[in-house]
Amino acid sequence: MDGAKETLKRLLEAEVRAQALVDQASQERDKIIQQALAEARRAEERFASRIPEIQQSFVTRAEKRAEQTISELTRRYEERERQLEALAKERKGEASEIVLASLLDPAAYP
């Protein structure tokens, strides 16, 4: 019976040690979770503090793209305006020639 008591005593001690290990592991798990939560909160705070900077960056890029678009549209408009002016000048010359020809030879242009 002493052998059985000794075995039972060793089993109880092993159970106590095992429970201590489980408790220690649980504490470490909780500590890791708390550290992860704290790091996540810090990351959120860093991100929140950068929101104005990020917004300004987007605004700056949008303004730059808008300026480029306006510049390109202005260039195209001016180019088209020059083409239309040249075409108008050409048509004006043709019209003048027709008018002059009709004045000089009214029979050719009834």
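Glu72 is partly exposed, with a relative accessible area of 30%; here buried means under 20%, exposed over 50%, and partly exposed in between (1.4 Å probe, protein chains only). Glu72 and Arg76 are 4 residues apart in helix α1, so about one helical turn separates them. Both belong to a network of salt bridges that links Glu72, Arg75, Arg76 and Glu79.

A word on the source: this is a predicted model, in which local features need pLDDT of at least 70 and side-chain atom pairs count only at pLDDT 80 or more, while totals for chains, interfaces and linings use all residues. Residues are numbered from 1 along each chain as its sequence is written, and side-chain values use heavy atoms, leaving out hydrogens and water.

The count of salt bridges comes to 9. One of them joins Glu39 to Arg46, with the closest N and O atoms 3.4 Å apart; another joins Arg91 to Glu90, at 3.3 Å.

Turning to the overall fold, the protein chain has 1 helix and 0 strands (DSSP runs, H or I of at least four residues for helices and E of at least two for strands, numbered from the N terminus). Helix α1 covers residues 2–104. The C-alpha atoms fill a box of roughly 145 × 30 × 15 Å along the principal axes. Of the 110 residues, 1% count as buried.

Technical notes: A salt bridge is a side-chain nitrogen of Lys or Arg within 4 Å of a carboxyl oxygen of Asp or Glu.
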